[in-house]
Amino acid sequence: MSESAASDSTSFRVSSARESLVVSSEFEGANAARAAAVATWAIGSRETVARLREPLIELGFSERMLERQASARDVSVEELERSRLGRDLDEARVQRWEQLATSAQLRDAVLYLIELLRSPLERESATAAAALWRILNEDARFAAPRLIGGLTGVFHPVSPDDASELVDWSDVQWADHCASWGTALDLWWVQMLVEERLHLGLRSSDKLTQQIAMAAFLSRDPGSPPPTSSQSNREPGHAQMSTIVHGTWGWVGDWWQAGGDFFDYMKARHRPDLYDQGMEFGWDGFCRASHRAKASTRFARWATTAAPGGLRTVFAHSYGGEVVARAVNAAQPVEELVLLSVPVTPSVAAVCTRTRVVDIRLSFDIVLGLTGYGQRLATHENVTEVILSGWNWQHGASHDDATWQHQGVAMQAGL
């Protein structure tokens, strides 16, 4: 098992220094965050990148990368396959990153991620695989039929409690497997390696690695913001109930239900009106946009029955935030929506015109980075932004009760 998987710490240190680019357990978090940030730079919008300027500079992004949008014109299959892999892994990673910082071309981003994919560190290589999956599948020139259909049709998360299906990481086996391809860069082999790495990640005994691998399959909404109702969302003085909505695959935990750490903390300290009558809203947590749309309709029906006067506060994590935002945009009365590490989808971007929004998130979220979605809402009078201090592996750090207490999140948010 890798050192990262054995560690209980979810925080890590980031540096833009050259020495932080090499294979090192000390900087595994920094390198994984860099890989996810490269995915955002490659497939996200210019606005998305611009709003992440400060954390990207901390990760070592050059001004040229921050100013220049990645372009598919910068890379071709033939050009990639004329490249060679480095014999010395550390030297190759440093050179690829410095080349990317200078050129700001997609070709060099892909080559950099391929070098990271060869890493013997579990979380780092899994993040590189997820980033490559995202980038290669965005472009039909690179997405082989096997890569597109191999995992997406059969994907399902493995419960951490089902030890019989979980796999411990072997850095030696992975290093030997990667070394077997020599220095020739065959794109088909890269695609196969990405798929294999994600298979291992989805079944990892390390929960954080499993979470990173899952992020590769979080689907994106291609459309424009949904139409919003002209009716008012607010009914002051009537809303007497609050609730929590989990995100993708969130049903496997209990943090959002009565008896869960975050639920009990919020009910005791900040929202005694949190719903705990045993019929709380939950959704399938599947990764497609169509699932979130259906969940939004179900949420509106549930809220109409459970809280006919409207909801006071809704805490929503990750894509659960989009589920609720869709309902609010369609006139479901919600006085206050607390977003916990929520991707800035079109629905989420639109919701701040409908109700008060508290936006709580990490400085840079590795999972959200791999989706290519934004991690910052636009400045708006209805939005209160709270950025948690430090760097963290956990996409769920925003609903960690200890973090809320230690960083005084409720006070910052005005809850």
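With a relative accessibility of 22%, Gln-257 comes out as partly exposed (the label for anything between buried, under 20% relative accessible area, and exposed, over 50%, using a 1.4 Å probe and protein chains only). The model is a predicted one, so local features need pLDDT of at least 70 and side-chain atom pairs count only at pLDDT 80 or more, while totals for chains, interfaces and linings use all residues. Numbering runs from 1 along each chain as its sequence is written, and side-chain values rest on heavy atoms, with hydrogens and water left out.

Gln-257 sits in the loop that links strand E2 (241-245) to helix H14 (261-269); helices (H or I, at least four residues) and strands (E, at least two) are DSSP runs numbered from the N terminus. Once neighbours within four places in sequence are set aside, Gln-257 is in contact with Phe-263 and Glu-280, contact meaning heavy atoms within 4.5 Å. Gly-278 lies 21 residues from Gln-257 in sequence, with 8.8 Å between their C-alpha atoms.

The loop between strand E7 (391-392) and helix H19 (401-407) holds Asp-400, and His-395 is in the loop between E7 and H19 too. Asp-400 is partly exposed at 31% relative accessible area, whereas His-395 is buried at 6%. Leaving out residues up to four places away in sequence, His-395 touches several others, among them Gln-211, His-317, Ser-341 and Asp-365.

As for salt bridges (a side-chain nitrogen of Lys or Arg within 4 Å of a carboxyl oxygen of Asp or Glu), the structure has 17. In one of them, Glu-47 pairs with Arg-51, with 2.7 Å between the closest N and O atoms. These two residues are four apart in helix H3 (residues 46-51), so about one helical turn separates them. Glu-47 is partly exposed at 48%, and Arg-51 is partly exposed as well, at 32%.

Glu-115 and Arg-118 also form a salt bridge, at 2.4 Å between the closest N and O atoms, and both residues are buried. Another bridge links Asp-359 to Arg-361, the closest N and O atoms being 2.8 Å apart. Asp-359 is buried at 0% relative accessible area, and Arg-361 is buried at 1%. Shared partners, meanwhile, tie Arg-96, Glu-115 and Arg-118 into one salt-bridge network.
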